[in-house]
Amino acid sequence: MIKQLSYIWRKLGSIHLTVVLCLLLTADLTYGYISINRRTNLFASLNDIGLTAWIETYGRHNLLYTAWFFILLGLLTLLCINTFACTTDRVILLIRSREHFGIQRFLFKFSPHIMHYAMIILLVGYLFSYISAQVIVSQTMVPGTTITLPGKTAQITFESFEPVYYHGDRLAFLNNYVISPRAKLLLTDGDYNKTAVLSYNQPVWFKGYGIFLKNFAPRKKDGMAIRVRIDMNIRKDPGVCVYIAGIILFTAGLFMYLAEWIFFKKYTKESL
């Protein structure tokens, strides 16, 4: 039994399996690129409604164009297993050969393995995010309207729209167009009151929910008379913490790798 498990573990961590998976991923993503270009609308709602609801609606009923996505999930799962097995084998070998390095050099040797583990955490985080995120369908608001978060007394009120317009000579065709939409929100929950500004690159976090600006109008000053409105995505995403942890771990591994390359490689050359 132990020999069988050891054999399976070696096969799962094989570099040959890595190459095969990378080739299959390339072919699958090419198929996916063509499918998305031909049926963009099928995938536009994936971020808005979450993976489970998307599979039950768009995914399973349009397999000719969505099959690549399910294959992608399977291939990425196998790649994570392959990376974990391969990296763990390398870490064990490194620990066994620790007497050949000084303590600092030994610690920096873990840097590529830290980045590999971080990539697994990132992929798991994104999958967890797509599966577990609680998504409130896109909300359209005009100034003065209020929405209540589900299951809570917390409310979001759209107070005003205060965009920044472009004024310049270098890009004359953009004159008077909005370059930074800024929606002023009032966040309330009982006695709690807070004003926040929502923009494309400035989401608002409130009671565990992330509020993201999806669209807005009008887009030009002194243009056609269009009523002011904003479209928002509101989602509660526990997967965010997981992939942020992955990003931090990957960054730490990258800095360790650069530090080893700069200091210890230089030391090795000077000692020759």
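Trainee: Where is asparagine 176 found?
Mentor: Asparagine 176 sits in the loop between strand S4 (164-165) and strand S5 (178-180). Keep in mind that this is a predicted model.
Trainee: What is phi of asparagine 176 near?
Mentor: Near 75 degrees, a positive value in a residue other than glycine. Most residues other than glycine have a negative phi.
Trainee: Cis or trans, the peptide bond from alanine 217 to proline 218?
Mentor: Cis, with omega near 0 degrees. Proline 218 lies in the loop between S9 and S10.

Trainee: Switching to sheets. What is the strand order in the open sheet of 4 strands?
Mentor: S2-S3-S6-S7, with antiparallel pairing. Strand S2 (146-148) and strand S7 (192-198) are at the edges. Each has a single partner strand, so one side of each lacks a neighbour in the sheet.
Trainee: By how many degrees are neighbouring strands turned against each other?
Mentor: 25 degrees on average, direction ignored.
Trainee: How many bridges join S3 to S6?
Mentor: 6 bridges. Strand S3 covers residues 155-161, strand S6 covers residues 183-189, and they run antiparallel. Glutamine 155 stands opposite threonine 188 in S6.

Trainee: Now the inside. How many residues are in the largest nonpolar core?
Mentor: 23 residues. Ile156, Leu185, Ile211, Ile230, Met232 and Ile234 have the most contacts inside that core.
Trainee: Which elements give two or more residues to this core?
Mentor: Strand S1 (134-141), S3, S6, S7, strand S8 (204-206), strand S9 (209-217) and strand S10 (229-236). S9 gives the most, with 4 residues.
Trainee: What does leucine 185 touch?
Mentor: Leaving out residues up to four places away in sequence, its contacts include Ile156, Phe158, Ala196, Leu198, Val204, Ile211, Ile230 and Met232. Lys194 is also among them.
Trainee: And what does the second core include?
Mentor: That one is separate, with 13 residues, including Leu46, Trp68, Phe69 and Leu72.

Trainee: On to helices. At roughly what angle do the axes of H2 and H6 cross?
Mentor: Roughly 155 degrees, and the axes come within 9 Å. Helix H2 is residues 15-38 and helix H6 is residues 63-96.
Trainee: Left-handed or right-handed, the crossing of H2 and H6?
Mentor: Left-handed. H2 and H6 are roughly antiparallel to each other, because angles over 145 degrees count that way.
Trainee: Which residues of H2 and H6 make the contact?
Mentor: Among them are Leu21, Leu25, Asp28 and Tyr31 of H2. From H6, they include Trp68, Leu72, Leu75 and Asn82. Trp68 and Leu72 also belong to the second core.

Trainee: Last one. Where is the place of threonine 251?
Mentor: In helix H9 (residues 239-271). Threonine 251 counts as partly exposed, at 32% relative accessibility.
Trainee: How far apart are the C-alpha atoms of threonine 251 and lysine 221?
Mentor: They are separated by 42 Å, with the two residues 30 residues apart along the chain.

How values were computed
Residues numbered from 1 in each chain as written. Predicted model: local features only at pLDDT ≥ 70, side-chain atom pairs only at ≥ 80, totals over all residues. Heavy atoms only, no water. Pairing = 2+ DSSP bridges. Axes fitted to C-alpha atoms, helices over the stretch in contact; angles between N-to-C directions. Core = buried A, V, L, I, M, F, W, Y, C linked by side-chain atoms within 4.5 Å. Buried < 20%, exposed > 50% of the residue type's maximum accessible area, 1.4 Å probe, protein only. Contact = heavy atoms within 4.5 Å. Parallel < 35°, antiparallel > 145°, perpendicular 65-115°, else oblique. Left-handed = near helix turned anticlockwise from the far one by under 90°.
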